[in-house]
Amino acid sequence: MATRLLFVFFMYVFNGIQTEALPQPKLTVNPAVIRETDSVTLNCLTPSSVSQCYYQTLSAGTVRIFSCTQTLTGSELLMMDHQSSPAEVKVKCFYTVQIGDRNVPSPHSDTVSISIHNLPQPDLTVNPAVITETDSVTLNCLTPSSVSQCGYFTLSGRTVRTSSCLQTLTGSELLKMDHQRSPAEVKVKCFYSVQIGDRNARSPDSDKVSITIHSDTNPNKESVSTLTTSVSIKTSPADQGIVETESRRTQRTPSFITTTAVFVPFLSHHP
């Protein structure tokens, strides 16, 4: 009996040594933040002879056998972990090696987290849509009520500005964000983030909206000015009957005014 117990003990120790001798796999996920309908790739890095891996979610303890490079949707991970979004699913992986007539499991990998959300797309509105550089425009990024901060970015400049979801900017500020000069059309999108576990989950981007920005001074604007001409004419006694009358003609142009004064003499006959 003692011999039998000793044999079992040595077999247990032997198997333990074999398990510890197997290298620990490394689990990577990409991307680490997804929506329910998105996919994530789990890569359990193992010795080259291994083709199948075991994945375990920590909350539910569910173990699934997949390829060592496996793609799953957010919904599938939530189902494995018995959770609903938004949620953080923590996963480990391991593999087995045939030693004699037994499958010896490797050590488990370190835990990795996958944040899964189903955040709605925000709706961006602007008012007014046509402004000058010194005018202001109100940007309203419509989000769930729990959100207070939003991100705005322009499509040309890709500059992200984080501020209130109801934001007022001048035309000059928008042009600076977009790296443009007036006149220009600035296209803007917005998004928001929600904390899930130790990560920030980003919402989908809103549809783009356009803001037209004009210069404060319009060189093509028409203007009218009056040119006054003072004329002094000396006449001789013989010319006393001559009287000057003034005819004015004003020319309207986009950038300058030309005024021509024409004097037409006529005779005034005295009886």
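**Exercise 1.** Determine which strands helix α2 lies across, and at what angle α2 runs to β6.

*Solution.* Helix α2 lies across β3 and β6 and runs at about 90° to β6. Contact here means heavy atoms within 4.5 Å; axes are lines fitted to C-alpha atoms, for helices over the stretch in contact, with angles from 0 to 180 degrees between N-to-C directions. Helices (H or I, at least four residues) and strands (E, at least two) are DSSP runs, numbered from the N terminus.

The model is predicted: local features need pLDDT of at least 70 and side-chain atom pairs pLDDT 80 or more, while totals for chains, interfaces and linings use all residues. Residues are numbered from 1 along each chain as its sequence is written, and side-chain values use heavy atoms, without hydrogens and water.

**Exercise 2.** State the strand order of the open sheet, and explain why one side of β1 and of β6 lacks a neighbour.

*Solution.* Step one: the three strands have the order β1-β3-β6, with antiparallel pairing (pairing requires at least two DSSP bridges). Step two: β1 (26–30) and β6 (69–73) are at the edges with a single partner strand each, so one side of each has no neighbour in the sheet. Step three: five bridges join β1 to β3 (residues 39–45), and Val-29 has Leu-42 as its bridge partner in β3.

**Exercise 3.** Identify the residue whose side chain makes a polar contact with that of Ser-182.

*Solution.* Ser-182 is in the loop between α3 (171–178) and β17 (184–191). Leaving aside neighbours within four places in sequence, the contacts of Ser-182 include Glu-133 and His-214. The side chains of Ser-182 and Glu-133 are joined by a polar contact of 2.3 Å (N or O atoms within 3.5 Å; within protein, one able to donate a hydrogen and the other to accept it, with residues adjacent in sequence counted only if both atoms are side-chain atoms).
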